[in-house]
Amino acid sequence: MKKIFGWVVLMIMAAGSGWAQEQGKILVFSKTAGYHHASIPAGIAAIRELGQQHHFQVDTTTAAEWFTTKQLGTYKAVVFLNTSGEVFDSTQKAAFMAYIRQGGGYMGIHAASTTEYNWPWYGQLAGAWFNGHPKPQEAVVTVTDIRHIAVSHLPARWRWTDEWYNFKALPANVRVLLEVDETTYNGGKHGAFHPVAWCGGFDGGRSFYTALGHSTDAWRDTLFLQHILGGIRYAMGDE
């Protein structure tokens, strides 16, 4: 009986190890050609820690040269962490489009919507482009889709301090997850409907965007980190 019990334990351990390895890996991309957020190092460290806790590998780079068909094919998702400006050449753009069209995942965090303004495909992938913000301040965020893994843990009305982005145009054909209540802060320009996190399928792949994540302090908050983890899991195809 002891031998049988020991064999069962070994099989469970082996299966658990295999499960952990099968979670795959993500690439965190944080190149900036415009505004550079001081919170980027904190974001990288926090996502690495999430990877260790939840059994997915995390590579990080600011080098757009990593965007090749071969390299991107090793990742289940690519996270644009506070990227800004024009960060790709035409070859890198083509490789990234091919990656998404082959079922890859994208997650944009905060300033990712300030990236590649002259590339319409990227704007559709992210869902919206940034168009200014008031000073960082506390506001109330409302959860609009309690079933999604990126927001199901949040209170229905969540007080959060951030840099509240306005957008050139609001996202279309997406699953809105969070809205910010413009009556609870100053400087909003969208009125009663102001989404700040959304997701959806796009061009054969998956897309998740959250406008949250401006400050270094955000990357120490457990509710926010669970939001980020849920976004990563969605982008990886693990909803």
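The legends below describe close-up views of a predicted model.

In this predicted model, local features need pLDDT of at least 70 and side-chain atom pairs count only at pLDDT 80 or more, while totals for chains, interfaces and linings use all residues. Residues are numbered from 1 along each chain as its sequence is written, and side-chain values use heavy atoms, with hydrogens and water left out.

**View 1. Packing of helix 2 on helix 6.** Helix 2 (residues 40-54) and helix 6 (residues 222-235) pack at an angle of about 70 degrees, their axes lying 11 Å apart; axes are lines fitted to C-alpha atoms, for helices over the stretch in contact, and angles run from 0 to 180 degrees between N-to-C directions. Helix 2 is therefore roughly perpendicular to helix 6, a term that covers angles of 65 to 115 degrees. Ala46, Ile47, Leu50 and His54 in helix 2 meet Leu225, Ile228, Leu229 and Ile232 in helix 6, where contact means heavy atoms within 4.5 Å. Helices (H or I, at least four residues) and strands (E, at least two) are DSSP runs, numbered from the N terminus.

View 2. Strand 4 (residues 105-109) and strand 9 (residues 205-210) pair in the parallel sense over 5 bridges, and glycine 108 stands opposite tyrosine 209 in strand 9.

View 3. Threonine 83 lies in the loop between strand 3 and helix 4 (90-101) and, at 0% relative accessibility, counts as buried, meaning under 20% relative accessible area with a 1.4 Å probe and protein chains only. Leaving aside residues up to four places away in sequence, threonine 83 touches several residues, among them Phe29, Lys31, Ala111, Thr115 and Tyr122.

**View 4. Surroundings of leucine 154.** Leucine 154 is placed in the loop between strand 5 (137-143) and strand 6, and with a relative accessible area of 9% leucine 154 is buried. Not counting residues up to four places away in sequence, leucine 154 touches Val143, Leu178 and Leu223. Proline 134 is 20 residues from leucine 154 in sequence and 24 Å from it in space, C-alpha to C-alpha.

Conventions: Angles under 35 degrees count as roughly parallel, over 145 as roughly antiparallel, 65 to 115 as roughly perpendicular and the rest as oblique. Two strands pair if DSSP finds at least two bridges between them. Buried means under 20% relative accessible area, exposed over 50%, partly exposed in between (1.4 Å probe, protein chains only).
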